[in-house]
Structures are given as C-alpha cells and as structure tokens.
Amino acid sequence: MSSYTTISSDKLARLIGTANAPALIDVRTDEDFAADRRLIPGSIKLSHDNVPDWGGDFAGRTAIVSCLRGAKLAQGTAAWLRQLGIPAETLEGGFEAWKAAKLPLVDATKLPPRDAKGRTVWVTRARPKIDRIACPWLIRRFVDPNAVFLYVAPSEVVAVGERFNAAPFDIENVFWSHRGELCTFDVMIEEFGIATPALLRLATLVRGADTARPDLAPEAPGLLAASLGLSRMYDDDLEQLEAGMLLYDAFYRWCRDATAETHNWPTNKVKA
C-alpha cells in the first residue's frame, strides 16, 4: 500500500501522458541502467549524486523519483527535493515493480543524442498539419518532456539535422518517417515500444487523418478538420505546436477514458 511519500505503478500509469503529469526522474545507477536501457515513459535520467545542483530545475512542479527497487537512491533523492521545496514521491518498488507490472517502457537506445542541456532535438518541415504536430506531442508526453523541435524549409531538413545534431522526422528517406501504410506517429509508437490501447486507438485516428483514410475511424475527419483549422490560425509553427498539444491531450483522453460515452440530445416530439 502506498504511503504519502510513495506512489504505486498503477496510479502513476494513469498520470503519464496527461498534461498535468509530474516530472519523472530516474536515478538508477549507471550499472543498473546499462543492464536495461529502458525508461518509464516521460522519465528524465539524472544522477542522485548531485541532486542539490539540478533539483531547483523542478521548482513549481511535483516529482516522482524511481531507482531500481524504490529504495535508498529514490527515497534519498525525493527527500532532497522536498528539502528544496519540491513535492516529491518515490515509485513504490521502483523500476523493477513497473517492469513486473508489464507497463510500457521506452527503448532509450532509439533516442537521438541529447544536447548539452540533456534534451533531444528534432527537425522537420515547416507548416505542420497532422504528423508533425502529433509526433512532437507523443515525444513530449511519453519520451522526452524537454524535447526541442525545429521547423525549417523542407529542402533543408536533412542538412539542418546534420549541422545541429537534430533527428529528422516525417520526411522521405529517414528513419522516423512513414513505412508502408503506417504514418510517422505509428512508427514512433512501435520503435519506442510504448504501444498501449489508448495510443494505438489514437494512432488510428492520426493515420486516418494524415493519409487520407477517413474510413479508418469516424473521428479521423474531425481530427483533420481541427488540424487544418489550427494551421490557418497560426503563422508561427511553435505557437501552433503549443495549441496542438492541447488538441492531442483531448483526443488522447477520449481514446483512453471516454470512447464509450455518448451524448444524446432528446428529440423534440411534435404533438399530433
């Protein structure tokens, strides 16, 4: 049973992927991480050794700390964070408990190199519509919450990726792109190993909207319409991305929690 300073895997799983998810901090030792290079979705890998140095970066947020088994490293780090005024809990049973519950784990070997601030950097074509908003949402909510996205002219995506150490996505002839009938969003879910019923349902909507297949899901035309509307509302691609985060937050929560809910307005009966 969880205490006031711990959280269970099941409860944490309900928070991951939502706009209000806590900061997730993995403080496993280098040896433990080398033995299993996967991360709880949305986690940032940091060292317990210098928590007083980086702890302030989480001011104004709540935090969940995990180590291998939820013992001394996680509890000590969480205690330090609380000392710094940051509400912090530890994951009950740590990484091993999460893994034993067969919950999703991000394959960290698929992550692109991080910059000097520990962020992954991605680059794609300017003027995004579907995949180029959906994929950044997926990355920030489940892979790297601090990820940076560069939108550039289509002809310059690969060159910018090379010069700025950024991973190109959603263009032809790169790793993170369409494969057969799958769109880039599908590919990222598969490659990172984070398939859940809710994400797979959302992927069907994204694929239907992105590949002109409205028959895949009744909601796909709605996603397409909302996405095209956003692209007309914003001239700045990063402003559009921020607005799109809310859009995908809503579609994700529908996919996870509300697909069975209906809204039936009573029909007016005309008296004879």
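# Briefing: Domains, Pockets and Cores of a Predicted Model

Pro218 is found in the loop between H9 and H10, where helices (H or I, at least four residues) and strands (E, at least two) are DSSP runs numbered from the N terminus. This is a predicted model, in which local features need pLDDT of at least 70 and side-chain atom pairs count only at pLDDT 80 or more, while totals for chains, interfaces and linings use all residues. Residues are numbered from 1 along each chain as its sequence is written, and side-chain values use heavy atoms, with hydrogens and water left out.

**Domains**

- The protein is divided into domain 1 (6-107) and domain 2 (111-258); the bounds come from an automatic or database domain assignment.
- The C-alpha centres of domain 1 and domain 2 lie 26 Å apart.
- The contact between them (heavy atoms within 4.5 Å) takes 14 residues from domain 1 and 17 residues from domain 2.

**The largest pocket**

- A pocket is defined on a 1 Å grid over the protein atoms alone, as an open set of points where a 1.4 Å probe fits, with protein on both sides within 12 Å along at least five of seven lines; lining residues have an atom within 4 Å of a point.
- The largest pocket holds about 410 Å³ of space, a volume being the space filled by probe spheres set on the points, which are joined across faces, edges and corners.
- Its lining has 17 residues, and Ile44, Lys45, Leu46, Arg114 and Gly118 lie nearest the centre.
- This lining divides into nine nonpolar, two polar and six charged residues; Ala, Val, Leu, Ile, Met, Phe, Trp, Tyr, Cys and Pro count as nonpolar, Asp, Glu, Lys and Arg as charged, and the others, Gly among them, as polar.
- The largest pocket lies between domain 1 and domain 2, because both give residues to its lining.

**The second largest pocket**

- The second largest pocket has a volume of about 270 Å³.
- Of the 16 residues that line the second largest pocket, Ala13, Pro104, Thr196, Tyr252 and Arg256 lie nearest its centre.
- At least two lining residues come from each of helix H1 (9-15), helix H9 (197-210) and helix H11 (237-258).
- The lining of the second largest pocket comprises 12 nonpolar, one polar and three charged residues.
- Both domain 1 and domain 2 give residues to this lining, so the second largest pocket also lies between them.

**Nonpolar cores**

- In soluble globular proteins, nonpolar side chains tend to be buried together.
- A nonpolar core is a set of buried Ala, Val, Leu, Ile, Met, Phe, Trp, Tyr and Cys residues joined through side-chain atoms within 4.5 Å; buried means under 20% relative accessible area, exposed over 50%, and partly exposed in between (1.4 Å probe, protein chains only).
- The largest nonpolar core has 57 residues, and Trp122, Trp137, Phe185 and Tyr248 have the most contacts inside it.
- Among the elements that give two or more residues to this core are helix H5 (94-100), strand S9 (148-152), helix H8 (184-192) and helix H10 (220-233).
- Helix H6 gives the most to this core, with eight residues.
- Domain 1 and domain 2 both give residues to this core, so it lies between them.
- Leaving aside neighbours within four places in sequence, Trp137 is in contact with Gly17, Phe142, Phe185, Leu199, Leu202, Met245, Tyr248, Asp249 and Tyr252.
- A second, separate core has 16 residues, including Ala23, Trp54, Ala74 and Leu81.

**Helix H6**

- H6 is mostly covered, as 12 of its 13 residues are buried.
- The buried residues of H6 include Asp131, Arg132, Cys135, Trp137 and Phe142.

**Individual residues**

- Thr6 has its place in strand S1 (residues 6-7) and counts as buried because its relative accessibility is 16%.
- Leaving aside neighbours within four places in sequence, Thr6 is in contact with Glu89, Thr90 and Glu92.
- Pro218 counts as exposed because its relative accessibility is 74%.
- Pro218 and Ala167 are 51 residues apart along the chain, and their C-alpha atoms are separated by 33 Å.
- Asn165 lies in the loop between helix H7 (157-163) and strand S10 (167-168), and its phi is near 50 degrees, a positive value in a residue other than glycine.
- With a relative accessible area of 47%, Asn165 is partly exposed.
- Asn173 lies in the loop between S10 and H8, and its phi, near 65 degrees, is also a positive value in a residue other than glycine.
- At 80% relative accessibility, Asn173 counts as exposed.
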